[in-house]
Amino acid sequence: MAEPTSSCRKLFVEVTNAKNLMPKDGQGTASAYAMVDFDGQRRRTKTQFRDLNPHWDETLEFIVHDSEAMPTETLEINLYNDHKKSGKKSTFLGKVKISGSTFLPKSDDVPLVYYPLEKRSVFSQIKGEVGLKIYYVDENPPPPPPPETKQEAPQAEETKPATEEAKKEEEVKTEEPKKDEKKDSKTESDQKAPAEAKATTDVAVLAPPPPPPAEVEKPAIAQTDTSSKQISQISKDQKTTSSSEINGGGTLTVMDHKLRSIASDRSHSAYDLVERMPFLYVRVLKAKPKALSANSSAYAKLVIGTHSIKTKKQSSDKDWDQVFAFDKDGLNSTNLEVSVWTEEEIKKETTENDKTVTTVTVTESSLGTVSFDLQEIPKRVPPDSPLAPQWYTLESETSPGNDVMLAVWIGTQADEAFQEAWQSDSGGLIPETRAKVYLSPKLWYLRLTVIQTQDLQLGSGGPEAKVIRGIGADVYVKAQLGAQLFKTSRASVGSSSPTWNEDLMFVAAEPFEPFLVVTVDDATHAQSVGHVKIHVASIEKRTDDRAEPQSRWFNLVGADEKSQPYAGRIHVRVCLEGGYHVLDEAAHVTSDVRAAAKQLSKAPIGLLEVGIRGASNLLPVKTKDGTRGTTDAYVVAKYGPKWVRTRTILDRFNPRWNEQYTWDVYDPCTVLTIGVFDNGRYKRDEAGKQGKDLRIGKIRVRLSALDTNRVYMSSYSLTVLLPGGAKKMGEVEIAVRFSCASWFNLIQAYSSPMLPRMHYVRPLGPAQQDILRHTAMRIVTARMARSEPPLGQEVVQFLLDSDTHVWSMRRSKANWFRVVGCLSRAATLAGWLDGIRTWVHTPTTVLMHVLLVAVVLCPHLVLPTVFMYAFLILTLRFRYRRVIPANMDPRLSHVEAVGQDELDEEFDGFPSSRSPDIIRVRYDRLRALAGRAQTLLGDVAAQGERLEALCNWRDPRATGIFVVFCLVASLVFYAVPFKVFMLGWGFYYLRHPRFRGDMPSLPMNFFRRLPSLSDQIM
């Protein structure tokens, strides 16, 4: 028996250094060491004594037992303060958890990434970061032994592991008594961490398990992939168990990786949020005709009620192997007939007028039919094995003795054959109606820093003009990446070289554009000086701002490379920014905030499961055959870079999809977007051009509003805004579940920044960020349209809200009323206070007097009382919380009171395509609104200028009065205790209306008389 193949992949973790650690030894320093755990293996670095910025520069090696499961593994690095000299327990300095999906293969450009240290609990005092390089190496397995030494090799291989195993057991047994003698007087809790560390350094590699039996090593041919994965998992568990037994029980702690990833085992929850739809499956494999000529072909025909479908035509020596899925609820017959037909081409040659004419006649003949009663067809539900096809004899009076191999069963949409089968409810095998999963392209920011140019050779005309050095000419640099073009400011070519030091930001999508073209243009003579092409794939990638990319000099090439191969040189710095998240959707509905660099991604904190059940009462959006309305509906759901599209249910107003999808969740404060559309692309017009998909409605679900591990199943209204107004198109039924395994990780996400670190260290301006966002939207839209089948531009733009920046009177009114709604709460509070001070309700005013005295006399109880009231009020409001996640609100969107002209303006493109008269009316309306906003801004500015007038002596008498008031107030407050003043002011403010006047107060009169700068505005 051959030796079992060992693991061919090794993981290397290079622990370089740590920065700004928390001092934990009581003397302002720390003696740090790192403990690294991966897949049940533990390694430890050396201790760097009394150093808050330790340098280890150690490379730790781990064996990857299952390379396919490596993305689901977790690498954990724990930093401890070593108290070995004092005999105390090691104290915790921080930890880092890294998902296996971020590991990179070994190369020369593996980056050094600094990970911030995380807390172990809420009360941990942790700070600092640790620098790591993580990569893996795939090693080739050893070659098999030659055939002539096949009998002798097993003996040598069996004796060698036995001797090595015995040596390791003796070493472990001799080391354990030494540890017990040294630390006999310590408690078990005090010696746990040092013992683990020592055992890890002594026993570096876990002992391998005994070789598996022959049945596991060479499984049978009929064994499925699932069983092989189970066997590999069992052998992996045996390795972990045996290693822990060899190391002496509790000496080496083996990590429990049952919860490596929430998304690792999803089979138990597949299709539990949707209904099981029964389908009749027919798999037609091949036929065995008794006699078939060489120039004939055969096909199978399936007939059940009004459904009739044919397989592809094949010759006698080829198989059909096609699966057909019929929606059982849509069948109008209980009998299935499968018949086999042959087509034979008969060629006849005739001579007419000395010309040979060949006529081809196609004749069809039936080989027989086999019938099935739907009541007797067996049922199959996964994980049952697939039903084996059988030979059935075709019944025929003309040609007996023919057979067909097929399998018939009743299953659900969870059947593995459903995705590739011909589906009766979606039009068969039409690509545009099939369910698909799309991925957005990976986006990067490309930063080009233009530093300076030297030795520019400016020409005065064409290519034959004399080359001179321009003095006083203005030049600028423009860079182009694909369709993106950005320019620098102008600089003069004088005695010194033109210098800019300006950053140009681009959005680059993988796979990258081939070249970044940098051109220097002469603005004075309106001609190009030279250009250079930078290969984008060779540009350096960086993950943070600590390592500045190296600047480079490039030679410029003239417009004619042959006549002018050198036109100067340019100094630039270019890099791909992996520390940013490229926003490709509206900021208020973002669904992903991870950085572009893979190594900066953290492990998911939860799993989002969405069941798209169906829709009801959909309105017709188009006509079929010019006689009746119809709707071919499908659903698109978008979260993060993953887009899913359900199959299209043709010609139904109450379609049932019952499809379930899952996403990994990295941040709970994100939004799931779901849109319903009518499919217009699966049909082409007379010119062969595809139509466009029509909007039916859209809903959004915010994950932070969902309780964890709870299923939300409800129907949402679909309202779409059309040029004629808002229209309710029907309802869609969605089931959502947000699962989370760790409450601590979920709560910790609320304290972390929303965007990656680079957005705060080197922030982008609002205008620049807006330009980059819309550029990213265009790139995603173009890439999705190039998929097969394409996801239409109108679908992607509708889900990404790409038109939120366009002016809309309706949105402006909606935002204004949102502001008014927020200020109305403050106005309600002010009205309540005014009711108290005017004694509208006498008992309440008297109670406020008592409360005022209590607050003044016991000021230390103010904050505890306020927070206790807030706690009680919010706790009581918990039972009134929204049970169903909020949907898009038509009233809040202000679609019910919008005018027809305002809607027409919103749907108008940019630039406008309306007539000049309509544009003039809209412009006058916009000017009227802008005038009101202008007056409001002036009033706000005037109030601030009046406050400034108190101090800048613009009105000498008013400022003099204020100066005298400040002097008197300082003497009064010096002599009168503050509590007495507060009581006096409170009683004066709450005085009875009998002691009040109707005129404004003295401070208000004084403030309104202060001057502003409004009289200086022209």
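Across which strands does helix H8 lie, and at about what angle does H8 run to E38? In this predicted model, H8 lies across E35, E36, strand E38 (671-678) and E39, and the helix runs at about 145 degrees to E38. These strands belong to an open sheet of five strands, arranged in the order E19-E36-E35-E38-E39 with antiparallel pairing. At the edges of this sheet stand strand E19 (436-439) and strand E39 (694-702), each of which has a single partner strand, so that one side of each is left without a neighbour in the sheet. From one strand to the next, the twist averages 20 degrees. Within the sheet, strand E35 (residues 633-639) is joined by four bridges to strand E36 (residues 642-645), the two running antiparallel, and Lys 638 stands opposite Trp 643 in E36.

The loop that lies between helix H8 (793-800) and helix H9 (809-837) contains Asp 801. With a relative accessibility of 7%, Asp 801 counts as buried, because the cut-off for a buried residue is under 20%. When its neighbours within four places in sequence are left aside, Asp 801 is in contact with Ala 586, His 588, Val 589, Lys 698, Arg 700 and Met 777.

A further open sheet is formed by four strands in the order E37-E32-E41-E40, again with antiparallel pairing. Its edge strands are strand E37 (656-665) and strand E40 (711-722), each of which pairs on one side only. Neighbouring strands of this sheet are turned against each other by 30 degrees on average, with direction ignored. Strand E32 (residues 606-616) pairs with E37 in the antiparallel sense over eight bridges, and Gly 611 stands opposite Gln 660 in E37. A helix also accompanies this sheet: H12 (residues 900-907) lies across E40 and strand E41 (725-739), and H12 runs at about 100 degrees to E40.

E29, by contrast, runs parallel to E31, to which it is joined by two bridges.

Strand E29 (residues 541-542) includes Lys 541, whose bridge partner in E31 is Leu 576. Leu 576 is also among the residues in contact with Lys 541 once its neighbours within four places in sequence are left aside, the others being Trp 444, Glu 510 and Phe 512. Between Lys 541 and Val 574 the distance in space is 9.3 Å, C-alpha to C-alpha, although the two residues are 33 residues apart in sequence. Lys 541 has a relative accessibility of 43% and therefore counts as partly exposed.

The cysteines were also examined, and a search of the whole structure finds zero disulfides. Cys 966 is in no disulfide, and the nearest cysteine sulfur, that of Cys 951, is 8.3 Å away. Because its relative accessibility is 36%, Cys 966 counts as partly exposed, and Cys 858, at 30% relative accessibility, also counts as partly exposed.

Inside the structure there are three cavities of 30 Å³ or more, and the largest cavity holds about 90 Å³ of space. The residues that line the largest cavity include Ile 98, Phe 103, Val 110, Tyr 115, Leu 132 and Gln 599. Strand E8 (113-116) and strand E9 (129-138) each supply at least two residues of this lining, and the largest share, three residues, comes from E9.

Of the 1018 residues in the protein chain, 39% are buried. Among the contacts in the chain with a separation of 6 or more, 70% are accounted for by residues 24 or more positions apart.

Note on methods. Residues numbered from 1 in each chain as written. Predicted model: local features only at pLDDT ≥ 70, side-chain atom pairs only at ≥ 80, totals over all residues. Heavy atoms only, no water. Buried < 20%, exposed > 50% of the residue type's maximum accessible area, 1.4 Å probe, protein only. Contact = heavy atoms within 4.5 Å. Disulfide = S-S within 2.5 Å. Pairing = 2+ DSSP bridges. Axes fitted to C-alpha atoms, helices over the stretch in contact; angles between N-to-C directions. 1 Å grid on protein atoms, 1.4 Å probe; cavity = no way out; pocket = protein on both sides within 12 Å on 5 of 7 lines; lining within 4 Å. Points joined across faces, edges and corners; volume = space filled by probe spheres on them.
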